[in-house]
Every structure is written in C-alpha cells, then in structure tokens.
Amino acid sequence: SNLTVDSPAVFLLTGIPGLENVQSWLTVPLCTMYMVAVLGNCTILFIVHTEPSLHQPMYYFLSMLALSDLGLSVSTMPTMLSIFLLNSREVNVNACIAQLYFIHTFSLMESAVLLAMAFDRFVAIQQPLRYASILTDSTVLRIGLAFAVRSAFMVMPTPILLRQLQFCLPNVLSHSFCLHQDVMKLSCSDRRINSILGLFVVVSTMGLDSVLIVLSYILIISTVLGIASQDERLKALNTCVSHICAVLIFYIPMIGISMIHRFGKHASPLVHVLMADVYVLVPPVMNPIVYSVKTKQIRRRILLRFHRQRS
C-alpha cells in the first residue's frame, strides 16, 4: 500500500445510525436474510444442475444470476456480521479496497446477466422456432464468460487508483461495508480521476445494460402485440414476469443509492445506510424467491425434490 504514515491504517464502518443500542437485536433478521440468500441461490444452482429438463439457456442464465447473488452476499457478509455480531467496526484499508472490488464486480455481473436474460426472452418470443439454434450451450457459455471478464476488468482500475490516494481523518465510512464512492470521499488528495472512472464504469456497464434491457422489452411488447390470440399474448408475457421483477429489484435500489450519494448530501445518514443495505441484501434474497414462486418448472422441481427426500 502507498498509504503514508499519517494516513489511517483502518476505516471505521457504520452500523445503523440512531439504533446503536438495539443493534444486537438486528442480528437475527440480518442472519436470516443471509441464510435465505445463500440457501435460496444454492437451491437454484442445485436444481438446475441435477434436473436434465432444466438444461436450457433460460435456466443457465438463471444459474449465472444465482452465482452473482451468492458472490454479492459473500462479499458483504464479513463486515456486516462483524458489526452486528461482534460490534467490531474496524476494517483494514486493503481489506476494504478488496471488498469494494468484489462488491462492484458482482454487481456489474448481475446487471450483465439481467441483460442476457432479457435477450433470452426476446429470442424466445421473437424467434421461437430458432431459439435452440441461436442460443446453443456454447453460445450461452461464451456470453457468460464475456460478461464475467467485462465485469472483472472494468472494476480492476478502481483498487489500483484508490491505493494511490492518501486517506485522512476522519476515517468513518457511511455503511457497514465498503463502496467505491464512499471510500473515495475519505481521501484528502485529488480524486478527480477516481470520480471520472467510477462514472464511466457505471454509465458504460449498468447504464448501457439498462438501456438495452428497455429496448429488448420494447421489441418484446411489439412482437406480443402482433400475436392474434389474447391467450397466447398473456402466455408470452407471463414468461417475462420473473425477469421483470428481478430487473426492478436490482435497478431501483441501485438508482436510489446513486441518487442519494450524488444529490442527497443533506439527507439523513439513516437514509444512506438503509438504501445501501437494500441494494446489497434485497436482490440476493428476493431473486430465488421470485423465481421459485413465479417459474413453474423451478417450483415443481423444488417441491418434487423435497417430496423425494421426505419419502
């Protein structure tokens, strides 16, 4: 690390402002959410892996989404649990920079997977007869690898540039985990390059992904409206419900936390903390629930698997 002797060797994380006295009671719902996230996404991966009937592009992309959610949960878990379970707020600067790298990498991967799932739904509705020939197993694998490499390399300059900054007191972060924009604010040296890089990464990845997702659904709706039968229209749109829910669950908190950091300087610290917690906790918890409830094939396989185990 290029930190000077005068720079703090650790950052101090923040729990929930104003609720420090009852913070220990929040460990139960927090641990429950992590358990649901880990078990739910592992269940999705297990069901898709063990059921040959689910070896299709749609479920391969769902597995990628589950992996991204698992990575996001595991990335935030150490510092979140250290605060709420052990009441330990200190985090080493290098560990903090490593954590924010993985948080942002898995966030970009989730955005990319949601785009791939939108493309999958577009092909399934627009070209149902050519669906299997367009989205072959090798094509799905290449898409997944391309998005993983994109996410890892787009975030790679962030820790390198952060290591060049000098951090000064106060060294208190706004959240229970490390985010790029939050760590960057603690610097007392010039951080314009870091700020420009962060904006470029967000616009060129999540921004572009969201625009392409919207475009995909415009084309999907246009195709569905051309279907003569109303029952077939509803059936086609019903295949997109789970994905639409996943998109809203991911992008609404992400937009909210971005707006708070840029324009909500005078907002209550509690708002900043809650928005960030929703951003990292809600998608990994809700996505397996939504897909288990709304996707008939997944729901049936899970119920069948539990029935076999009980028997």
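Rings of Phe, Tyr and Trp (its six-membered ring) form a pair if their centres lie within 6.5 Å, and planes under 30 degrees apart count as stacked, over 60 as edge-to-face and the rest as tilted. In this predicted model, local features need pLDDT of at least 70 and side-chain atom pairs count only at pLDDT 80 or more, whereas totals for chains, interfaces and linings use all residues. Residues are numbered from 1 along each chain as its sequence is written, and side-chain values use heavy atoms, with hydrogens and water left out.

**Aromatic pairs**

- The whole structure holds four aromatic pairs.
- Tyr-101 and Phe-102 are edge-to-face, because their ring centres are 5.3 Å apart and their planes stand at 75°.
- Tyr-101 is buried (under 20% relative accessible area, with exposed over 50% and partly exposed in between; 1.4 Å probe, protein chains only), at 14%, while Phe-102 is partly exposed at 42%.
- Phe-250 and Tyr-251 are edge-to-face, because their ring centres are 5.0 Å apart and their planes stand at 85°.
- Phe-250 is buried at 1% relative accessible area, and Tyr-251 is buried at 6%.
- Phe-250, Tyr-251 and Tyr-279 are linked into a cluster by ring pairs.

**Nonpolar core**

- A nonpolar core is a set of buried Ala, Val, Leu, Ile, Met, Phe, Trp, Tyr and Cys residues joined through side-chain atoms within 4.5 Å.
- The largest such core has 80 residues, and Phe-11, Leu-173, Cys-178 and Val-183 are among those touching the most other members.
- Leaving aside neighbours within four places in sequence, Val-183 is in contact (heavy atoms within 4.5 Å) with residues including Phe-11, Leu-173 and Cys-178.
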